[in-house]
Amino acid sequence: MEGRALKLGDDIDTDSILPGRYLTLSKPEDLGKHVMEGYDLHYKDKIQEGDVIVAGSNFGCGSSREHAPIALKAAGIKAVVAKSFARIFYRNATNIGLPLVEAPNGPDDIEEEDILKIDLEKGTLTNTTQDKDYDFTKLPEFMFEIVENGGLIEYLNKTRF
């Protein structure tokens with residue numbers, strides 16, 4: 001997968017990704033309309049289909065709501081690259097098929113709008129703009145299959161029935 005980098009900092013919490021006032025919404029497309037409003041009311045206007053969020057440490061900290069990764073995916077975010085993720089956000093994103101790339105040494109020198117190429121299977125991240133490669137923590141095989149199938153429900157439907 002390939003996408004344009006959108007940079008964020010450390011400790012981006014689930015309230016920044018999707019404020020609590022939108023938890024009554026249930027359709028992904030409705031959630032996506034309000035993505036990142038807790039961080040910047042106009043941030044969603046800069047998101048283009050296929051973009052990759054690049055953040056620092058502890059991305060997705062805060063509550064355990066699944067709404068936050070659903071909103072990111074519905075807004076067109078293709079993947080999130082960060083130094084580290086909050087544990088429950090990591091699992092929620094995997095369960096809805098949003099790829100997360102944990103790259104402890106990668107995000108610092110990636111610039112806004114750099115073009116990134118991610119190979120989840122190989123565990124490689126390439127910044128094609130800067131011609132730099134990074135290794136990242138590969139997903140365990142079962143989690144890779146969940147993400148590749150679009151999420152846990154889709155994975156179970158394909159493998160159990």
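Biologist: Hi! What radius of gyration does the chain have, and what would a compact globule with 161 residues have?

Modeller: The chain has 15 Å, and a compact globule with 161 residues would have a radius of gyration near 15 Å, so the two agree. The radius is taken over C-alpha atoms, and the globule rule is 2.2 Å times the number of residues to the power 0.38. This is a predicted model, where local features need pLDDT of at least 70, side-chain atom pairs count only at pLDDT 80 or more, and totals for chains, interfaces and linings use all residues. Residues are numbered from 1 along each chain as its sequence is written, and side-chain values use heavy atoms, with hydrogens and water left out.

Biologist: Thanks! How many helices and strands are there?

Modeller: Six helices and seven strands. They are DSSP runs numbered from the N terminus, with helices being H or I of at least four residues and strands E of at least two. Along the sequence the pattern reads β-α-α-β-α-β-α-β-β-β-β-α-α.

Biologist: Switching to aromatics, how many pairs do you count?

Modeller: Four aromatic pairs. Rings of Phe, Tyr and Trp (its six-membered ring) pair if their centres lie within 6.5 Å; planes under 30 degrees apart are stacked, over 60 edge-to-face and the rest tilted. The rings of phenylalanine 59 and phenylalanine 89 have centres 5.4 Å apart and planes at 75 degrees, so that pair is edge-to-face.

Biologist: Where do those two sit in the chain?

Modeller: Phenylalanine 59 is in the loop between strand E2 (52-55) and helix H3 (67-74), while phenylalanine 89 is in helix H4, 30 residues apart, so the pair links distant parts of the chain.

Biologist: And which rings make up the cluster?

Modeller: Ring pairs link Phe59, Phe85, Phe89 and Tyr90. Phenylalanine 85 and tyrosine 90 form a tilted pair, 5.9 Å centre to centre with 55 degrees between the planes.

Biologist: Is threonine 94 buried or exposed?

Modeller: Threonine 94 is buried, with a relative accessible area of 2%. Buried means under 20%, exposed over 50% and partly exposed in between (1.4 Å probe, protein chains only). Threonine 94 lies in helix H4 (residues 87-95).

Biologist: What does threonine 94 touch?

Modeller: Not counting residues up to four places away in sequence, threonine 94 touches Met143, Ile146, Val147, Gly151 and Leu152, where contact means heavy atoms within 4.5 Å. Its side chain also reaches the backbone oxygen of tyrosine 90 at 3.0 Å.

Technical notes: A polar contact is a pair of N or O atoms within 3.5 Å; within protein, one must be able to donate a hydrogen and the other to accept it, and residues adjacent in sequence count only if both atoms are side-chain atoms.
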